[in-house]
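Hi everyone, thanks for making time.

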Amino acid sequence: DCLKILALQQPVARDLRFVVAILKMNEALERMGDLAVSIAKKSIFLLRHRRFNLLDEISVMASEAQQMVKNAIDALVTGDTGLAMRVCQQDDVIDEIRKAMNSKVFSEIRDNPDDLEGLMAVYSIIRHIERLGDMATVIAQDVIYMIDGNIIRHGHHLKPSNLPNSKVSYLGNSPATTDSGDQPWYKIVGK
């Protein structure tokens with residue numbers, strides 16, 4: 001239907017951004033479904049193996065990713081660019097959890113090489129959950145693009161002056177101009 005609208009209605013400005021964003025979000029949602037199927041298959045496989053210590057941490061990570069997806073969809077429905085920015089910020093949390101869990105998985109592989117098959121399934125689930133967070137971030141970025149016309153990926157960064165609907169405070173250099181990746185260059189205020 002989006003392609004039909006593009007071909008027959010020739011939308012411009014905000015309407016065009018809406019159609020383009022929805023097309024991109026549709027792709028992200030489809031990929032999320034594929035990831036969920038893969039996670040389910042790996043989980044069924046893990047039921048046949050011993051319980052790994054990391055499963056509780058996976059549950060925490062999955063809850064974070066689930067909240068990101070919910071917030072991204074809520075941001076779309078309400079047109080809340082501030083909420084969309086918080087989803088983008090949450091992606092950093094998921095990435096940090098993944099890094100820590102990967103280290104633990106590799107340590108478990110070294111200590112328990114007989115459990116390699118199950119641990120690789122755990123590693124795959126961790127990677128897929130992180131990708132779910134990435135897809136939620138893509139949706140959130142598309143919401144910001146759709147509402148404000150700002151592109152915040154691929155080196156293009158938001159400044160609060162361009163975000164009339166959000167509650168974001170600019171703290172300094174963007175990630176493209178700072179070597180320190182530790183501190184975000186924006187701060188979410190309120191809500």
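**A partner for Arg131**

Let's start with one side chain: Arg131 counts as partly exposed, because its relative accessibility is 27%. The scale here is simple: buried means under 20% relative accessible area, exposed means over 50%, and partly exposed is in between, with a 1.4 Å probe and protein chains only. The side chain of Arg131 meets that of Asp134 in a salt bridge, 3.0 Å from N to O. By salt bridge I mean a side-chain nitrogen of Lys or Arg within 4 Å of a carboxyl oxygen of Asp or Glu. Both Arg131 and Asp134 sit in helix α5, three residues apart, about one turn of the helix. And Asp134? Its relative accessible area is 16%, so Asp134 is buried.

Before I go on, a word on what you're looking at. This is a predicted model, so local features need pLDDT of at least 70 and side-chain atom pairs count only at pLDDT 80 or more, while totals for chains, interfaces and linings use all residues. Residues are numbered from 1 along each chain as its sequence is written, and side-chain values use heavy atoms, with hydrogens and water left out.

**The overall layout**

So what is the pattern along the sequence? The protein chain reads α-α-α-α-α-β-β, that is, five helices and two strands. Those are DSSP runs numbered from the N terminus, with helices being H or I of at least four residues and strands being E of at least two. Of the 191 residues, 40% count as buried. If you take contacts between residues at least 6 apart in sequence, 66% join residues at least 24 apart. Contact, by the way, is heavy atoms within 4.5 Å.

The expected span is 1.5 Å times one less than the number of residues. Helix α3, residues 55-78, has 24 residues that should span 34 Å, and its end C-alpha atoms are 34 Å apart, so that agrees too.

What do the buried residues of α3 pack against? They pack against α4 (81-111) and α5 (116-148). The buried set in α3 includes Ile58, Met61 and Ala65.

Setting aside residues up to four places away in sequence, Ile58 touches Met101, Val122, Ile125, Ile126 and Ile129.

Glu130, in helix α5, is in contact with Met61, Ile94, Asp95 and Arg98, leaving aside neighbours within four places in sequence. Is Glu130 buried or exposed? Glu130 is buried, because its relative accessible area is 10%.

**Back to salt bridges**

How many salt bridges are there? The count comes to six. One of them joins Asp142 and Lys24, 3.4 Å from N to O. This pair links distant parts of the chain, with Asp142 in helix α5 and Lys24 in helix α2, 118 residues apart. Asp142 has 1% relative accessibility, so it counts as buried, while Lys24, at 35%, counts as partly exposed.

Then there's Glu96 with Lys99, also a salt bridge at 3.4 Å, N to O. Both lie in helix α4, three residues apart, about one turn of the helix. Glu96 is partly exposed at 47% relative accessibility, and Lys99 is partly exposed at 44%.

**One glycine to finish**

Last stop: Gly79, in the loop between α3 and α4. Just after α3, Gly79 takes a positive phi of about 70°. Gly79 is in contact with Asp74 and Ile147, leaving aside neighbours within four places in sequence. Gly79 and Asp148 are 69 residues apart in sequence and 9.7 Å apart in space, C-alpha to C-alpha.
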